[in-house]
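Take a look at the protein shown here. The report below walks through some of its parts, one at a time.

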Amino acid sequence: MAEKVLVAYGSANGSTAQIAEAVARTLREDGLDAEALPAGQVSAVSAYDAVVVGGGLYAGRWHRDARRFVRRHRRSLSGRPVWFFSSGPLDASASERDIPPVPGVRRAMARLDVSEHATFGGRLEEGAKGRMARMIVKQGKGGDFRDFPAIEAWADRIAGQMTGREPDGH
């Protein structure tokens, strides 16, 4: 029986949701039973052997649903392997260097003994929700900066850590 992995996410405009889906798909390709769900819809994590939590970054904070998920499930999360990811930089910086977690995410990582954190580029395009998001797009600073090969390589590494074998590499 394959280990069961939850990829829970907080996403305002769908970019982080698509990253979470890519992580879950890669984990499935690596032989794990993985599913991606909006963090606000998860009532319990007891059915999962491991959890990946992702949140979009907004004004230096993780998406509210990701923060609430970690608080609500902290006891259950502390007993299983956990990985975090953030999405958000609207430039190529996440592909060029390792971006450390924002302070709130770093504190949650310490409390839960999180295995690893990765920051991926974000996406902000025409039609984005939120006044600030629309302003950023209007100023020409939007775009899609997600690096799916890097996201898949990160998920492969997680699968390798869970199964004890080398990642396949996509």
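## A loop residue

Glu125 is partly exposed, with a relative accessible area of 40%. Here, buried means under 20% relative accessible area, exposed means over 50%, and partly exposed is in between (1.4 Å probe, protein chains only). Glu125 sits in the loop between β7 (123–124) and α6 (131–138). Helices (H or I, at least four residues) and strands (E, at least two) are DSSP runs, numbered from the N terminus. The C-alpha atoms of Glu125 and Ile19 are separated by 16 Å. Along the chain, these two are 106 residues apart.

This is a predicted model: local features need pLDDT of at least 70, and side-chain atom pairs count only at pLDDT 80 or more, while totals for chains, interfaces and linings use all residues. Residues are numbered from 1 along each chain as its sequence is written, and side-chain values use heavy atoms, leaving out hydrogens and water.

## An enclosed strand

Now turn to strand β5, residues 82–87. Of its 6 residues, 6 are buried, so the strand is largely enclosed by the rest of the structure. Both faces are covered. On one side, Val82, Phe84 and Ser86 are buried.

Which strands pair with β5? Strand β3 (residues 50–58) is joined to β5 by 6 bridges, and the two run parallel. Strands pair if DSSP finds at least two bridges between them. In this pairing, Ser86 of β5 is the bridge partner of Gly55. Strand β6 (residues 116–120) also runs parallel to β5, with 5 bridges between them. There, Phe85 stands opposite Ala118 of β6.

## A helix with two sides

Helix α5 spans residues 103–112. Its residues Val105, Ala108, Met109 and Leu112 are buried. They cover an arc of only 105 degrees around the axis, which puts them on the same side of α5. The arc is that of the directions from the helix axis to the C-beta atoms. On the other side of α5, Arg107, Ala110 and Arg111 are exposed.

What covers the buried residues of α5? The cover includes β4 (61–62), α2 (64–72), α3 (74–77), β5 and β6. After α5 comes Asp113. The phi of Asp113 is positive, near 55 degrees.

## Salt bridges

The structure holds 4 salt bridges. A salt bridge is a side-chain nitrogen of Lys or Arg within 4 Å of a carboxyl oxygen of Asp or Glu. One of them joins Asp33 and Lys4, with the closest N and O atoms 3.9 Å apart. Asp33 lies in strand β2 (residues 33–38) and Lys4 in strand β1 (residues 4–10), so the pair ties together parts that are 29 residues apart in sequence. Asp33 is partly exposed at 38% relative accessible area. Lys4 is partly exposed as well, at 26%.

Glu116 and Arg157 form another salt bridge, at 2.6 Å from N to O. Glu116 belongs to strand β6 and Arg157 to helix α7 (residues 148–163), so this pair ties together parts that are 41 residues apart in sequence. Glu116 is buried, with a relative accessible area of 19%. Arg157 counts as partly exposed at 37%. Asp144 and Arg146 also meet in a salt bridge, at 2.7 Å from N to O. Asp144 is partly exposed at 39% relative accessibility, whereas Arg146 is buried at 13%.

Methods:
Contact means heavy atoms within 4.5 Å.
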